[in-house]
Every structure is written in C-alpha cells, then in structure tokens.
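Good morning, colleagues. Please turn to the structure on the screen, and I shall take us through a few of its features.

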Amino acid sequence: MAGLSLAAMGVASMLDLIAAAGAEQVAMASDDRTGLRAIVAIHSTTLGPSLGGARFRPYRSEHEALVDVLRLARGMTYKHALAGNDLGGGKAVLIEGPAEVDRGRLMASFGRLVDRLGGRYLTAEDVGTTRADMDVIRTVTPHVTGVSEKFGGSGDPSPATAWGVLQAMHAVAERQWDDPSLQGRHVVVAGVGKVGLALAAHLAAHGARVTVADVRPEAAHAAAALGAEVVDPQRAHAVPCDVFAPCALGATLNDQTIPQLACQAVCGAANNQLSTADDGARLAARGILYAPDYVVNAGGVINIADELKGYDHDRAYARIESIRATLSRVFAWADEHAVTPAEAADRLAEQRLAAARRLGPRAESGPPNSSPGFSPGSSPGSSRRA
Ligand SMILES: NC(=O)c1ccc[n+]([C@@H]2O[C@H](COP(=O)([O-])OP(=O)(O)OC[C@H]3O[C@@H](n4cnc5c(N)ncnc54)[C@H](O)[C@@H]3O)[C@@H](O)[C@H]2O)c1
C-alpha cells in the first residue's frame, strides 16, 4: 500500500493531501472549552461504516497530524477488506497539547464529534487512548467500540491479535516447510508486550523454540518464565531462526536490518513493519517470506467488529482463525502473479473493494449501535489528567 509521500507533506495543502489519500471525508473539531483538537479521516465506506482507533499524542504540526490520520485510515480500509469485515477504513487523531486538560471532558467532546458523523465513523482505542476513554465516549455516542465488557465490549484486543498471529504462523509454516506445525520451529519475538507475550506463550505451548527481546528488561523476564531465551533487542532481528516476529514498533524492516536478517520468514504483530514500499522486494530478493502485517495482525479488528453484532467470543475467535486461510490465499496469489506477498495483499483487498463498488451502494440498514447500554446525556465519566 503506497503511503503518502513525506515530501508532499511539507508542501501540499490540506485539501491536496485529502485528495492524494483518496479519503471520502475529513472532519475536524477544535473546542477551546475542553482543549479538543481532533481530526477524523474516513477513507472509505465502500464495505460498511468506517472503524478505526483514535490516537491521542502530540504532533509537531496539524499537517503532520493530518498526514498521519489519512495514512492510518487508508490502512484500515485494506485491513478490514482482507479481514472479511463489512467495515470501511477510518481513524482519528486527538492532538495532545502542552496545556493540562480534563480528560473526561476532552473525550466527551471528541465523542460528540464522532456522534455528529452519524455512524459513518466508529471509534476505538489506539495509541494514547484507553478502554476507560471509550467508556466515556460511549456516554455521548453509540458509535464507539472497545468499551468495557460490562457495557457489551470485547475487552483488550491483544489476546485476539496474538491468536491471529499464531494462525498466520501456521500458514507461514505450511507455505515454507509444507507442514503447518510449529513444533521445534525457532521463533524470535521482538517486543513482548501485550501481544508479543501472549504470542510467545502460544508458541511455547505449540512446542516452538522461542527467543524473545524487549527494551524493558521486566517484559523480557516475564517471557523468559515461559522457557524462552532472551537476547539483546538491538540484535534480535539478526538471530538465526525460522521466523522473526516483530511485535514492537513499525519500520523495523529496512535497508539496514533486512541484509542482517537470518530468518526464513517474517510474521509478527507490529503495524507498518516495512519502512518503505521497496522493503517487500528486498525481503523477497533475500528469499525471506514476508507475511503482510495487516493480514497477520487483524485478529484485534475482527474481534472488535464482532461487538457490532453483540459480542460472541467463540464466533469472533472462529473468524480470527480464518487469518490462516487468508494468508495462504495471499501467498498463492503472490506466486501466481509473481509479486511480493505485500503487493498481493493490497491487490486482493482492492479486488474486494472493486467488487463491492460494482454491486453499488451498500444496503443502508442504519448505523450499527455498538454500545448496547448506550445512554445519551449520561455522565461523561471520571476526569483524569492527560
Ligand atoms: N494490541 C493489539 O491488539 C494490536 C493489534 C494490531 C497491531 N498491534 C501492533 O502490535 C505491536 C505491539 O502491540 P502491543 O499492544 O503488544 O504493544 P505493547 O506496547 O504492549 O508492547 C510493545 C512492546 O515492545 C517493546 N519494545 C519497544 N521498542 C522495542 C524495541 N526496539 N525492541 C524490542 N522491544 C521493544 C516495549 O517495551 C513493549 O514491551 C504494535 O506495533 C501495535 O501497533 C497491536
């Protein structure tokens, strides 16, 4: 998926950026009473209402925030399309400023912006926002997911994401070694936070040899309790292994690290693992199988999408298991068309979107009410400092 050019970021007008990203709509709100400065990008509603998390973090400029939200919203369109969700791509950013804010009032203010979009955008937790924030947003709009379980939410998506990565790894093993079993396979998990630790536990339970790395020694120690070997996070990518699983930050696969990889496949949870579009080809040139990140890490959004039907854990996890078949289809399509798996994933997602467009506007059944206990006008919840 081609990203927005960084060169364009500095020079293009906001409207040019929106056009370049192919976004359907961008909504902005600024509220001096609550400190809200937010941008919502709806990239596509071709498959259904857009759903994506709300990021809360500082940005150097509004341009940078806009570029980020447009890029992330576009990524969600592709992720939902390949995950089989009847949802479109959307995302929100809340620009964190230096001033102290009342977090409850800020989130309620953001919730009202979401509400005004009438269900075309459903928000969720992301970097810098929490389930408690979603619970506040839920008091002013039904168009929120990832609320607490007591309100019908599906809880922390990380276990679902880890479960999906495990399914993806079976597809990788089948494609690479004609055997889906992970028994005896050596997997290096770089980043053992919420997803990486759960993944390491699944791998250990499946008889894999697990090596872990984390910049937080306590996280690495927690994984070591599973019987995993611990390595220096700076060198994790260079450890000889069967599968390297990036589960920390993005852009770890780049022109510096790819020549040092000593694995046969890359399959991990981290978003945006390829630093540039060329890195997919770099991996292929080295004979390393790359499992596209947004296919691999879709377990979380598949899980959260289930909330829209009234959350059912077993149904959600059964759908997450389909990641294995989806990834196998991506590998097969890549072989057949002599393209990288990253390109194949993009083309397959685009095919689903094009087919939906050919069928015409989707049946309008009204926006889903994702918060069963929604009560407009109730208390915006506890106030916390940003
Ligand atoms: N949580 C989800 O459901 C979910 C869903 C989709 C994608 N992802 C992506 O998966 C990745 C992990 O998510 P998470 O929720 O587990 O985050 P997390 O913050 O719980 O864990 C990340 C871990 O990586 C470690 N880390 C940071 N820099 C590192 C480095 N250079 N080397 C090694 N370790 C490093 C951190 O100390 C932390 O323990 C992120 O890229 C996230 O965007 C997560």
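Before I continue, two remarks on the source. The model is predicted, so that local features need pLDDT of at least 70 and side-chain atom pairs count only at pLDDT 80 or more, while totals for chains, interfaces and linings use all residues. Residues are numbered from 1 along each chain as its sequence is written.

Leu283 belongs to helix H9, residues 279-285; helices here are DSSP runs of H or I with at least four residues, and strands are runs of E with at least two, numbered from the N terminus. Leaving aside neighbours within four places in sequence, Leu283 is in contact with Leu253, Ile258, Val266, Ile288 and Tyr290, contact being C-beta atoms within 7 Å.

I turn now to the sheet. Five strands form an open sheet with mixed pairing, in the order E1-E2-E4-E3-E5; pairing requires at least two DSSP bridges. Strand E3 (residues 50-57) runs parallel to E5, and five bridges join them. Among the residues involved, Ala54 has Glu125 in E5 as its bridge partner.

Finally, the ligand. Helix H6 (158-177) and helix H7 (194-205) each supply at least two residues of its shell, and H7 gives the largest share, three residues.

Conventions. Two residues are in contact if their C-beta atoms, placed from the backbone, lie within 7 Å.
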